[in-house]
Amino acid sequence: MKSICATKGVSAAGIKEGKFGLALIRASGTAAGVFTSNKMRAAPVEVMMDRMRRGRLDAVVVNSGCANAYTGKRGIRDAEEMCAIAAAPLGLEPESVGVASTGVIGRYLNLPLIRDQCERIAPLLARNDDAEDAAARAIMTTDTFPKHALVETGSFSVGGITKGSGMIAPNMGTMLAFIYTDAEVEAPVLHDILRQATRRSFNRVVVDGDTSTNDVALCTATGAAGKVNLQELADAIEAVCRNLAVQIARDGEGATKLLEVTVRGAADEDEAAAVARTIVASPLVKTAIYGEDPNWGRVVAAAGRSGAEFDPYAVSLRVGGVPLVVRGEIVADLGAAKVAMHGDTVSFDLDLAAGDGKATAWGCDLTERYVEINGKYTT
């Protein structure tokens with residue numbers, strides 16, 4: 001599938017060899033980034049938080065298999081060297097190359113392998129579906145499928161790829177996202193757009209409640225399509241980020257169902273988001289989804305501990321359109337509710353009757369397979 005390579009000025013390549021992969025994406029333009037809130041930030045995150053102050057990128061190099069996290073000063077040097085390795089065959093300055101890593105924490109990068117992979121794939125940079133798919137697969141770890149998203153308007157395009165399956169929680173998770181547009185936009189404006197889009201997408205996904213050391217979302221604008229309406233651009237970037245976020249939730253480690261929770265009637269959007277995130281993060285809710293058990297009391301209980309202000313006996317709750325509670329009165333038909341929980345997507349709609357705030361969050365069910373995957377992740 002073509003998404004980032006559908007935008008003018010973007011080419012990609014990638015290789016996956018066992019657990020170890022490398023992706024290169026070439027695109028020159030203004031750039032912005034958002035990063036993990038975890039204090040144990042990985043070396044590539046530290047490098048990029050400093051590097052993004054210049055507001056421009058010419059390429060990005062990404063490796064999978066080793067997070068280069070909790071690796072101290074050596075990790076910083078290795079991340080910078082990785083940029084230099086990628087820059088050389090592309091004829092770029094190392095400082096203009098972005099870097100990201102994903103994989104096991106507490107391991108050092110295999111720079112000879114990265115150099116070898118980079119030298120092999122740099123000549124393969126292309127704008128076709130195969131090249132992009134190779135890049136998207138190269139950055140996968142426990143993902144079961146590559147993740148692409150594309151919005152095309154009459155005047156510009158926005159495309160994105162991401163990886164993410166486990167260690168996913170609000171304020172981003174073990175996810176890397178690379179978003180590209182051919183619109184022309186200044187870096188400070190692009191940063192504001194990306195930050196808002198992230199707040200309404202990646203920051204509302206919960207797979208398991210763990211916030212990673214390596215999260216990064218980078219957005220580069222090549223400017224090849226010229227100036228565009230900024231609100232239209234913001235809407236398109238948010239739509240791409242939301243699409244990618246939902247794919248991450250659906251591909252949660254061991255997951256069989258996507259969980260979507262929409263909260264309306266909150267005091268404001270932030271409170272609505274807090275309630276929605278609390279519900280999708282609840283292990284009791286997630287296991288009920290897995291068992292297709294209409295134990296809706298777990299949903300309202302999670303809402304009650306979210307910190308949002310509302311009258312518990314004024315709320316209304318539905319699952320898949322089936323009413324469970326109406327303005328505080330229990331009306332649940334458990335048989336119909338169980339039927340509504342069949343299939344690969346379960347959607348709850350909760351009205352707090354406390355204002356006009358609305359937000360949606362996404363998660364997945366919690367299965368035995370999640371424990372199997374993470375119980376033996378490094379061995």
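Begin by selecting Asp192 and Arg195, which form a salt bridge whose closest N and O atoms are 3.3 Å apart; bear in mind throughout that this is a predicted model. Both residues belong to helix H5 (residues 187–199), and because they are 3 residues apart there, about one helical turn separates them. Asp192 is partly exposed, with a relative accessible area of 42%, and Arg195 also counts as partly exposed, at 47%.

Next, select Asp349 together with Arg264, whose side chains meet in a salt bridge with an N to O distance of 2.6 Å. Asp349 lies in strand E14 and Arg264 in strand E10 (residues 258–266), so this pair ties together parts that are 85 residues apart in sequence. Is Asp349 buried or exposed? Its relative accessible area is 14%, so Asp349 is buried, whereas Arg264, at 26%, counts as partly exposed.

Now move to helix H9 (residues 297–304) and select its buried residues, Val299, Ala302 and Ala303. They cover an arc of only 100 degrees around the axis, which means that they are on the same side of H9. Among the elements that cover them are helix H7 (269–281) and strand E14 (345–351).

Finish on the surface with Met40, Tyr70 and Ile105, which form a nonpolar patch with about 350 Å² of accessible area together.

Technical notes. Residues numbered from 1 in each chain as written. Predicted model: local features only at pLDDT ≥ 70, side-chain atom pairs only at ≥ 80, totals over all residues. Heavy atoms only, no water. Patch = residues over 30% accessible without salt bridge, like charges linked within 9 Å, V, L, I, M, F, W, Y side chains within 5 Å. Areas by Shrake-Rupley, 256 points an atom, 1.4 Å probe, with all protein chains shown as cover. Salt bridge = Lys/Arg side-chain N within 4 Å of Asp/Glu carboxyl O. Buried < 20%, exposed > 50% of the residue type's maximum accessible area, 1.4 Å probe, protein only. Helix = DSSP H or I, 4+ residues; strand = E, 2+ residues; numbered from the N terminus. Arc of directions from axis to C-beta. Contact = heavy atoms within 4.5 Å.
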